[in-house]
Amino acid sequence: MSDDVALTHNHECFDETPFFGRAFRVLSSYIRNMDNNYLQVNKELWNNKVPHHLSSDFYDMPAFLAGKTSLRHIELGLLGDITGKRILHLQCHFGQDSISLARMGAIVTAIDFSEKAIEAACELNTQTGQNVHFICSDVYALPEVLKDEFDMVFTSYGTIGWLPDLDKWAGVVKQFLKQGGQFFFIEFHPVVWMLDNDLQEITYRYFKDEPIVEITEGTYADPNAELKDESISWNHGMAEVISSLLNQNLTLTHIQEYDYSPYACFPDVMEEGSEIYRPKHLGNKIPMTYSLIFRL
Ligand SMILES: C[S@@+](CC[C@H](N)C(=O)[O-])C[C@H]1O[C@@H](n2cnc3c(N)ncnc32)[C@H](O)[C@@H]1O
């Protein structure tokens with residue numbers, strides 16, 4: 001650990017639960033005072049995850065290849081008919097959601113900074129006979145490599161926690177929207193990101209703070225994967241997210257919080273309907289996800 005790291009807490013927990021974005025198995029965590037190398041650290045983390053995710057039950061590749069959508073009812077309900085729409089998908093991982101959007105008739109460009117993820121996405125594109133334009137880029141660097149305008153920008157579940165500066169992110173979103181275009185955003189709730197991996201204790205601030213640095217084993221899609229990586233992330237409260245987009249003169253047209261996750265990615269969840277998962281000990285007491293739509 002370098003000098004610029006202030007150890008604020010250190011815990012070992014070994015829950016057997018996949019968890020989006022934040023680690024499956026946190027060996028130690030601490031708050032780092034500087035975020036200068038976050039891109040390099042997180043890129044390695046995500047590159048390492050890719051082969052494990054591709055073969056995981058979580059991403060259920062056989063069903064996906066057979067035509068099943070990877071999109072959840074929340075975003076499917078919001079998107080409506082996207083036939084012929086030009087969509088930019090930010091932080092697309094290895095492209096299942098991007099290809100699902102393309103299968104619905106959209107013309108999709110999708111970006112991620114993980115070379116391994118984009119490599120896999122291109123293969124999946126070929127395998128599924130789709131024509132998604134995949135680009136390997138950091139979100140913030142995208143304006144340097146892509147000059148285009150879209151009817152929709154889309155990003156979902158486990159994305160902004162990897163980004164330190166939401167004003168910069170919102171600027172990128174706006175830059176790629178055509179006049180009248182829409183931004184669709186679905187994310188895990190910042191209240192969930194405050195909690196430890198067991199969702200038992202309040203461990204992190206609701207508000208953005210110094211970066212959260214964790215050493216993790218396994219990954220949410222494959223708890224037993226032989227992985228041990230560092231990750232650097234941030235929690236972003238709702239007002240921070242919404243203000244960043246309002247400050248770009250986008251108009252908020254939809255906001256909803258949900259008391260469930262559409263993924264079974266938390267400890268001891270109960271399935272209370274199709275794609276409705278809640279932790280047994282919390283029931284419906286906390287918000288777990290939210291969705292926003294903005295229009296330019
Ligand atoms: C949880 S995944 C996206 C979730 C998506 N719904 C899925 O499961 O397919 C987060 C993605 O963000 C990407 N990512 C993280 N930081 C990024 C950055 N600065 N620029 C571009 N992509 C980034 C990672 O490579 C990863 O693919």
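How many nonpolar, polar and charged residues are in the shell around the ligand? The shell has eight nonpolar, nine polar and three charged residues. The notes below start from the whole chain and come back to this shell. The model is a predicted one.

1. **Overall make-up.** The protein has 296 residues, of which buried residues make up 42%. Its secondary structure consists of nine helices and 13 strands. Consider the contacts between residues at least 6 apart in sequence: 73% of these join residues at least 24 apart.

2. **The ligand shell.** The ligand is surrounded by 20 residues. The closest are Trp-46, Gln-91, His-93, Phe-113 and Gly-158. Two helices, α1 (38–54) and α4 (96–103), each supply at least two residues of this shell. Both helices come up again below.

3. **Strand β6.** This strand covers residues 150–156. Six of its seven residues are buried, so β6 is largely enclosed by the rest of the structure. On β3 (residues 86–90), β6 has a parallel partner, and the pairing runs over three bridges. In β6, Val-153 stands opposite Leu-88. Strand β7 (residues 177–188) also runs parallel to β6, and six bridges join the two. Here Thr-155 stands opposite Phe-185 in β7. To get from β6 to β7 the chain passes through helix α7 (residues 166–175), and this β-α-β crossover is right-handed.

4. **Strand β3.** Arg-86 stands opposite Ile-107 in β4. The chain crosses from β3 to β4 through α4, again as a β-α-β crossover that is right-handed. Helix α4 is also one of the helices that supply residues to the ligand shell.

5. **The nonpolar cores.** The largest nonpolar core has 61 residues. Which of them touch the most other members? They are Ile-87, Ala-121, Val-153, Trp-169, Val-173 and Phe-183. Strand β7 gives the largest share of this core, six residues. Another core, of seven residues, lies apart from the largest one and includes Tyr-220, Ala-221, Phe-266 and Val-269.

6. **Ile-87 in detail.** Leaving out residues up to four places away in sequence, Ile-87 touches Ile-82, Leu-101, Ala-106 and Val-108, together with Phe-150, Asp-151, Met-152 and Phe-154.

7. **Two residues with positive phi.** Most residues other than glycine have a negative phi. Tyr-157 has a positive value, near 45°. Its place is the loop between β6 and α7. Tyr-157 counts as buried because 20 C-beta neighbours lie inside 10 Å, and the cut-off for buried is 20 or more. Asn-249 also has a positive phi, near 65°. This residue sits in the loop between α9 (238–246) and β10 (251–258). Asn-249 is exposed, because 9 other C-beta atoms lie within 10 Å and the cut-off for exposed is 12 or fewer.

8. **Pro-51.** This proline lies in helix α1, a helix that supplies residues to the ligand shell. Is Pro-51 buried, exposed or partly exposed? With 15 other C-beta atoms within 10 Å, Pro-51 is partly exposed. Pro-51 and Ala-117 are 66 residues apart along the chain, and 8.7 Å separates their C-alpha atoms.

9. **Glu-275.** Glu-275 is found in the loop between β11 (269–271) and β12 (277–279). This residue counts as partly exposed, with 14 C-beta neighbours inside 10 Å. Which residues is Glu-275 in contact with, leaving aside neighbours within four places in sequence? They are Arg-72, His-73 and Pro-262. The C-alpha atoms of Glu-275 and Tyr-263 are separated by 6.2 Å, and the two residues are twelve apart along the chain.

Definitions and conventions:
Residues numbered from 1 in each chain as written. Predicted model: local features only at pLDDT ≥ 70, side-chain atom pairs only at ≥ 80, totals over all residues. Near = placed C-beta within 6 Å. Helix = DSSP H or I, 4+ residues; strand = E, 2+ residues; numbered from the N terminus. Nonpolar A, V, L, I, M, F, W, Y, C, P; charged D, E, K, R; others polar. Pairing = 2+ DSSP bridges. Right-handed = clockwise from strand over helix to strand, strands pointing away. Core = buried A, V, L, I, M, F, W, Y, C linked by C-beta atoms within 7 Å. Contact = placed C-beta atoms within 7 Å.
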